[in-house]
Amino acid sequence: MSHFIAVSFLVIFSVPPYLALMNISDSHLLDGSVGTQIIHINAYRGTVSIRDNNVLSEWDGVLDYKNDLLVAKLFSKMACVLAKMDQEVFPSLDDIIKALGKRASSHYPSTHGLTYIVLPIRIKNLTPYGVPIKDLCREVPTYFAQQQKEGTVLAIDPDSCFEVQLLSFMGLSICGETPGL
C-alpha cells in the first residue's frame, strides 16, 4: 500500500511540469488583413510571441505574462516599444490558448481601444527585460510607452499611431512623436 501511495505522489507531482512545458504554435489569417499571424505560446515561460506579416502593418511582439511586459517591434517605424502590460484588461494566457484552440474569439475580453503613448525615453540596455525582448529589439531603438487611461483626452496626431492586432479580440494603438515613430 505504501508503494501505491508513493507512486501516486510521484505521478501527481510529475504531471504539472510536463504540462507547463507545453508549447503551442499556430498560424492563421486575420479578418480584413493582407497577411497572417504566427503565434507561439510558451506556457513554461509565460510568453506569447507574435509574428504579423501583414504587408500594411508588419510587426513582431512578445507578451511576457510573468513580468507583465509587452513589446512590439514596428517594422515600418524601425523601432521597438516596451510597456507594462495591465493584466486586468489583457486577455489571460489561458484565454489566448483557448482562442487558438477554438478559432473563435467572441467569448474573450476585448482590448480594442487600448492606447499606448511612446515616451521619448530610449532604453539602452534591454538585458533586465529578458532574453525574448532583448532578442526581438536587438538592432533597433527601443522606447518606453505608457498606457493611456480610458477617457483621457489626448492631443496627439492620429497619423502618429500604429495599430496592432492580436487575433481578433486584441487591438492596440501605439502613438507618439518620438524620432523613428
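Is arginine 138 buried or exposed, and what is its relative accessibility? At 55% relative accessibility, arginine 138 counts as exposed, where buried means under 20% relative accessible area, exposed over 50% and partly exposed in between (1.4 Å probe, protein chains only).

The model is predicted, so local features need pLDDT of at least 70 and side-chain atom pairs count only at pLDDT 80 or more, while totals for chains, interfaces and linings use all residues. Residues are numbered from 1 along each chain as its sequence is written, and side-chain values use heavy atoms, with hydrogens and water left out.

Salt bridges come next. Each is defined as a side-chain nitrogen of Lys or Arg within 4 Å of a carboxyl oxygen of Asp or Glu, and the count by this rule is three. Arginine 138 is joined in this way to aspartate 135, with the closest N and O atoms 2.3 Å apart; aspartate 135 is partly exposed at 41%. Arg51, Glu58 and Asp60 are linked in a network. Within it, arginine 51 meets glutamate 58 at 2.6 Å, N to O, and aspartate 60 at 2.8 Å, N to O. Arginine 51 is partly exposed at 30%, as is glutamate 58 at 29%, whereas aspartate 60 is buried at 13%.

Strands here are DSSP runs (E, at least two residues), numbered from the N terminus, and two of them pair if DSSP finds at least two bridges between them. Isoleucine 41 stands opposite valine 48 in S3. The two strands form a hairpin with four residues between them, and glycine 46 in the turn has a positive phi of about 70°.
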